[in-house]
Amino acid sequence: MDVSLTLIIVMAILFACGVYAMLERSLTRVLIGFLLLGNATNLLLLIVMGVPAGAPFFGAEGDVSDPLPQALTLTAIVITFAVSAFLLALIYRSWQLGQADTVEDDEADIALRERTDADEDVMDDEGDAEDEEATTDFVDVRTSPITVLQMRDHASIRDDAPTDRPWSRVEPADTTKPDDEEDRT
């Protein structure tokens with residue numbers, strides 16, 4: 001059995017429709033797009049599987065099927081189901097709160113959209129100065145982010161950090177009762 005051109009065309013259409021649906025602002029369309037992408041992925045793995053043959057048992061004679069695409073298909077089904085359940089819960093909660101399932105722009109999105117090329121250049125220049133000062137070479141002990149404990153061989157390494165010890169109950173040193181307590185009893 002050769003790979004059918006029909007399966008390849010259907011898979012390509014499912015991928016295209018899924019990506020197009022996921023680019024919408026409606027969460028319901030995002031869910032539909034995600035389901036289309038999941039089915040297209042399963043179809044792709046079915047196409048990749050190749051010619052069907054016998055079960056891949058140890059010591060089997062003749063042609064055997066590759067079990068990897070079958071395992072990947074089962075994994076893709078489980079992942080699609082889990083993400084679909086999450087998206088359904090998200091859609092339901094969005095509908096409860098706002099009576100709509102569309103994603104609206106917030107202030108950060110609007111500010112990002114209104115940013116000009118000059119603002120981008122200024123932000124790029126600010127980032128370059130910080131990158132020049134940063135270093136990953138720890139030349140001195142003061143610049144090292146790691147303090148090694150219990151290393152008394154090196155004089156430059158500080159070893160003054162507290163250590164954990166097992167908890168033990170300490171008995172008071174003076175067990176005699178004060179004079180006031182003896183009078184009360």
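Before the opening selection, a definition: a patch is made of residues with over 30% relative accessible area and no salt bridge, with like charges joined within 9 Å and nonpolar side chains (Val, Leu, Ile, Met, Phe, Trp, Tyr) joined within 5 Å. Accessible areas come from the Shrake-Rupley method with a 1.4 Å probe, and for residues only the protein chains shown count as cover. A salt bridge, for its part, is a side-chain nitrogen of Lys or Arg within 4 Å of a carboxyl oxygen of Asp or Glu.

Now select Val3, Leu5, Ile8, Ile9 and Ile13: these form a nonpolar patch on the surface, with about 450 Å² of accessible area together.

Some housekeeping while that is on screen. This is a predicted model, in which local features need pLDDT of at least 70 and side-chain atom pairs count only at pLDDT 80 or more, while totals for chains, interfaces and linings use all residues. Residues are numbered from 1 along each chain as its sequence is written, and side-chain values use heavy atoms, with hydrogens and water left out.

Stay on Ile9, which sits in helix α1. (Helices are DSSP runs of H or I with at least four residues, strands are E runs of at least two, and both are numbered from the N terminus.) Is Ile9 buried or partly exposed? It counts as partly exposed, because its relative accessibility is 44%; the cut-offs are under 20% for buried and over 50% for exposed, with partly exposed in between (1.4 Å probe, protein chains only).

Zoom out and colour by pLDDT, the predictor's confidence in each residue from 0 to 100. The chain averages 76, and 62% of the residues score at least 70. Where pLDDT is low, the predicted coordinates should not be read in detail.

Switch to cartoon and you get 6 helices and 0 strands, in the order α-α-α-α-α-α. Of the 185 residues, 14% are buried. A surface view shows about 15,600 Å² of accessible area, 60% of it belonging to carbon and sulfur atoms.

Next, pick Ser26 in the loop between α1 and α2. Serine 26 is buried, since its relative accessible area is 15%. Leaving out residues up to four places away in sequence, Ser26 touches Asp101 and Thr102 (contact means heavy atoms within 4.5 Å).

Show the side chains of Arg29 and Glu24. This pair makes a salt bridge, with the closest N and O atoms 3.5 Å apart, and the structure holds 1 salt bridge. Both partners are partly exposed: arginine 29 at 47% relative accessibility, glutamate 24 at 28%.

Then go for the largest nonpolar core: Leu27, Leu31, Phe34, Leu87 and Ile91. Such a core is a set of buried Ala, Val, Leu, Ile, Met, Phe, Trp, Tyr and Cys residues joined through side-chain atoms within 4.5 Å. Helices α2 (27–49) and α3 (67–98) each give two or more residues to this core, and α2 has the largest share, with 3. Centre on Leu87, which contacts Leu31 and Phe34 once its neighbours within four places in sequence are set aside.

Last stop: Gly50, in the loop between α2 and α3. Glycine 50 is partly exposed, at 34% relative accessible area. Draw a C-alpha to C-alpha distance to Ser65: 8.1 Å in space, for 15 residues in sequence.
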